[in-house]
Amino acid sequence: QVQLVESGGGLVQAGGSLRLSCAASGRTFSSYAMGWFRQAPGKEREFVAAINWGGTSTYYRDSVKGRFTISRDNAKNTVYLQMNSLKPEDTAVYSCACFSNKRAWTVVTARTPPMYDYWGQGTQVTVSS
């Protein structure tokens, strides 16, 4: 069992920045790849970014490439999402999740919510225009 707690959300103007954190407790953090997803009102949950176990490989959805950066600190059991140049369309609840099956990890499965084992409650990000 893993517990994930997100923080760092808030209200920011377009063009601004936020840094989300996801703190994990329970099983060994380094046993999981990590992902960030978001869900806007009335829309389906969508993939944002993912990072592998050692932090050596990352994936991003196209609309955030060059603006968002995912990173992890295994010593602190935390994954981060640095979000720069925020746009109103980035407004959503952002959730982190962990992925345990190394054999199943691919560029496709890293983007697939049902492949993730545990989820946090989410943190609201609102970008005003």
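Colleague: What share of the 129 residues in the protein chain do buried residues make up?
Modeller: Buried residues come to 43% of the chain. Do keep in mind that this is a predicted model.

Colleague: Noted. How many helices and strands does the secondary structure come to?
Modeller: There are zero helices and eleven strands. Read along the sequence, that gives the pattern β-β-β-β-β-β-β-β-β-β-β.

Colleague: And how does the radius of gyration of the chain sit against the globule rule?
Modeller: The radius of gyration is 14 Å, close to the 14 Å from the globule rule for 129 residues, so the chain is as compact as a globular protein of that length. Along the principal axes, the C-alpha trace spans about 40 × 25 × 25 Å.

Colleague: How many bridges join strand 3 to strand 8?
Modeller: Six, with strand 8 covering residues 78-83 and the two strands running antiparallel.

Colleague: While we're at R19, which ring does it lie over?
Modeller: R19 lies over the face of Y80, 3.9 Å from the ring centre. There is another arginine to look at: R45 lies over the face of W119, at 3.9 Å from the ring centre.

Colleague: Switching to strand 9. Is it largely enclosed or open, and why?
Modeller: Seven of its eight residues are buried, so strand 9 is largely enclosed by the rest of the structure.

Colleague: How does strand 9 pair with strand 4?
Modeller: Strand 4 (residues 33-39) pairs with strand 9 in the antiparallel sense, over seven bridges. Within that pairing, G35 has A97 of strand 9 as its bridge partner.

Colleague: And what about strand 11 and strand 10?
Modeller: Strand 11 (residues 123-128) pairs with strand 9 in the antiparallel sense over three bridges, and Y94 stands opposite T123 there. Strand 10 also pairs with strand 9 in the antiparallel sense, over two bridges. In that case A97 stands opposite W119.

Colleague: Okay, cysteines. How many disulfides does the structure hold?
Modeller: One. The disulfide joins C22 to C96, with an S to S distance of 2.0 Å.

Colleague: Where in the chain do those two sit?
Modeller: C22 is in strand 3 (residues 18-26) and C96 is in strand 9 (residues 92-99), so to speak at distant parts of the chain, 74 residues apart. The link is right-handed, with 60° about the S-S bond.

Colleague: Are C22 and C96 buried or exposed?
Modeller: Both are buried.

Colleague: Last topic, aromatics. How many aromatic pairs does a search of the whole structure find?
Modeller: Nine. One of them is the pair of F99 and Y116, which is edge-to-face at 5.2 Å centre to centre, with 85° between the planes.

Colleague: Which parts does that pair tie together?
Modeller: F99 lies in strand 9, while Y116 lies in the loop between strand 9 and strand 10 (118-119), so the pair ties together parts 17 residues apart in sequence. F99 counts as buried at 0% relative accessibility, and Y116 also counts as buried, at 5%.

Colleague: How are the planes of Y116 and W119 arranged?
Modeller: That pair is tilted, with 55° between the planes and 6.0 Å centre to centre. W119 has 24% relative accessibility, so this residue counts as partly exposed.

Colleague: And which residues form the aromatic cluster?
Modeller: F37, F47, W53, Y59, F99, W105, Y116 and W119 form one cluster.

Colleague: Great, thanks for the tour!

Conventions: Residues numbered from 1 in each chain as written. Predicted model: local features only at pLDDT ≥ 70, side-chain atom pairs only at ≥ 80, totals over all residues. Heavy atoms only, no water. Disulfide = S-S within 2.5 Å. Helix = DSSP H or I, 4+ residues; strand = E, 2+ residues; numbered from the N terminus. Buried < 20%, exposed > 50% of the residue type's maximum accessible area, 1.4 Å probe, protein only. Phe/Tyr/Trp six-rings, centres within 6.5 Å; stacked < 30°, edge-to-face > 60°. Lys NZ or Arg CZ within 6 Å of the ring centre and 35° of its normal. Pairing = 2+ DSSP bridges. Rg over C-alpha atoms; globule rule 2.2 N^0.38 Å.
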